[in-house]
Each structure stands twice: as C-alpha cells, then as structure tokens.
Amino acid sequence: MILGAQLYTVRDYMKNLEDFSETLKKIADIGYTCVQVSGSCAYEPQWLAKELRSNGLTCALTHINPEKIAFEPDTVCDEHDIFDCGYIGIGHYNIKEIGIEAFHEKFAPAAKTFLKRGKHLLYHNHDGEFEKLDGRLIIDWLLDSFSPEELGIILDTYWVQYGGGDPIEWIYKLKGRVPCIHFKDMGFKHAMLPIGEGNMNFSGILKACEEVKPVYCLIEQDDCHGEDPFSCLKKSYEYLKSEGLK
C-alpha cells in the first residue's frame with residue numbers, strides 16, 4: 001500500500017498554478033510520494049506531469065468533472081496518459097436523485113472506454129450512499145449495477161462511519177474493488193481530525209487494509225477547523241508512518 005495525500009485538503013492553496021506548484025513541493029517535503037489531484041485550479045496535463053516529476057511525486061487518482069467523464073472519456077484518458085494516472089474518480093453524485101438506472105446509463109459507456117484504455121473508473125462515497133432506496137443501501141445498488149472491472153470504489157472511511165456503516169466491514173466487503181481508500185479521522189460531534197486524533201478504529205482499519213491490499217491509502221481532511229492543513233497532513237502522515245505505512 002502506498003500512502004498519499006488527497007490535495008482537496010489543501011484546495012485553498014491551489015487556486016493558481018504558482019500556488020499549486022508550491023503546494024506540491026510542500027507535500028513532497030512532508031514525505032509523501034503520491035497525491036490525488038482534486039479541488040485545484042485548471043491545469044494542462046503537460047504542466048502537471050512536469051510538476052509531479054520535479055517533486056518526485058506520482059498521481060494516484062483524480063476527481064474530475066463527472067460530465068467530462070461521461071461525454072469525453074477518450075479525452076480524459078489521453079490527458080491522464082500524459083501524467084501517468086490510471087484511476088479516475090467521480091467525487092460526488094446524487095444517485096438518489098438521478099436513480100441507479102440513469103446513473104448506469106450515463107456512465108457505463110465511459111467505464112467501458114476506460115477499461116479498454118487501461119484506466120479504471122472509481123466512485124467516491126459520502127454518507128448518502130448509505131441511505132436505503134427500496135429497502136437496500138444505495139451503495140449496494142451501485143455495486144450490482146457495474147462489474148468490479150467497470151467501477152471500483154474509493155472507500156471513504158469517515159463517510160462510511162458518518163452514514164452509520166462499519167468501515168472495517170466495508171473494506172472487507174469491497175475486496176478486489178477498492179484500489180483507493182480515503183483516510184480521515186472522526187472526533188466529537190463528527191469533527192474531521194488528523195489520523196490518530198479521533199475516535200475511529202484505525203488499528204482495525206489498517207489491519208483490514210493489510211489483508212485487502214488497496215493500492216493507495218490517501219489522507220484527506222475536508223475541514224481542518226482553522227488549523228494549517230499542511231500541518232494536519234503531516235500529523236496524519238507521521239501517525240500512519242509510525243504504523244508501518246509509507
């Protein structure tokens with residue numbers, strides 16, 4: 001498993017290319033070797049490839065506009081080839097509103113294109129996927145609608161627990177379908193915290209990951225509650241490194 005930083009955590013420091021470049025350097029200086037690109041300003045894929053190389057980083061995953069995924073899948077693949085990224089994620093979608101069948105109809109062609117091009121479409125959960133629709137969890141409907149080769153899951157451990165699920169149980173349930181996992185910790189009143197500072201069972205989560213073997217474990221903290229997000233990413237990195245990840 002490779003430990004990475006979800007750049008959405010530091011999105012306020014990526015609003016222009018100069019700041020984005022400096023942010024990548026700061027992330028590398030913490031010790032990270034890979035990132036998920038999400039929440040940044042617009043960039044050319046050639047620019048990103050160059051900046052990643054110059055900082056000794058790789059791109060594990062992106063979250064990009066779902067409409068581009070659905071309607072320009074070959075362009076998306078071409079761009080991701082340039083900075084050598086194989087996982088392309090849908091960061092959020094209101095499946096309850098659109099319906100499972102409509103979601104499948106919209107994204108199945110792109111998923112098949114990605115598969116042919118050596119890419120993998122992934123879906124990132126929030127708590128809404130743990131609501132029930134016609135007696136079943138929305139995430140279960142989603143899993144049944146696509147094969148594992150067509151659609152993988154970016155399991156967000158925090159949002160699983162926030163939605164009433166057991167992150168450890170879901171890591172095991174998604175074995176073979178969860179190449180990327182988002183780590184964030186939960187404290188009092190659902191506060192998002194650096195890993196190790198909250199109440200989530202990260203010893204159990206890490207044990208499950210050791211058995212299920214996701215490719216990337218990506219640290220994300222959407223809200224740092226006024227604390228420097230780079231400091232939060234460093235705290236999480238140091239905690240997980242002490243637990244044997246790197």
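Helices are DSSP runs of H or I with at least four residues, numbered from the N terminus, and their axes are lines fitted to C-alpha atoms over the stretch in contact, with angles running from 0 to 180 degrees between N-to-C directions. The model is predicted, so that local features need pLDDT of at least 70 and side-chain atom pairs count only at pLDDT 80 or more, while totals for chains, interfaces and linings use all residues. Residues are numbered from 1 along each chain as its sequence is written, and side-chain values use heavy atoms, with hydrogens and water left out.

The axes of helix 1 (residues 17-30) and helix 2 (residues 45-54) come within 10 Å and cross at roughly 30°; the two helices are therefore roughly parallel, a term for angles under 35 degrees. Leu17, Phe20, Ser21 and Leu24 of helix 1 meet Trp47, Leu48, Glu51 and Leu52 of helix 2, where contact means heavy atoms within 4.5 Å. By class, this contact has six nonpolar, one polar and one charged residues, with Ala, Val, Leu, Ile, Met, Phe, Trp, Tyr, Cys and Pro counted as nonpolar, Asp, Glu, Lys and Arg as charged, and the others, Gly among them, as polar.

Helix 1 also has a partner in helix 11 (residues 229-242), for their axes come within 10 Å and cross at roughly 25°, which makes helix 1 roughly parallel to helix 11. Here Thr23, Lys26, Ile27 and Ile30 of helix 1 are in contact with Phe230, Leu233, Lys234 and Tyr237 of helix 11, and by class this contact has five nonpolar, one polar and two charged residues.

Methods:
Parallel < 35°, antiparallel > 145°, perpendicular 65-115°, else oblique.
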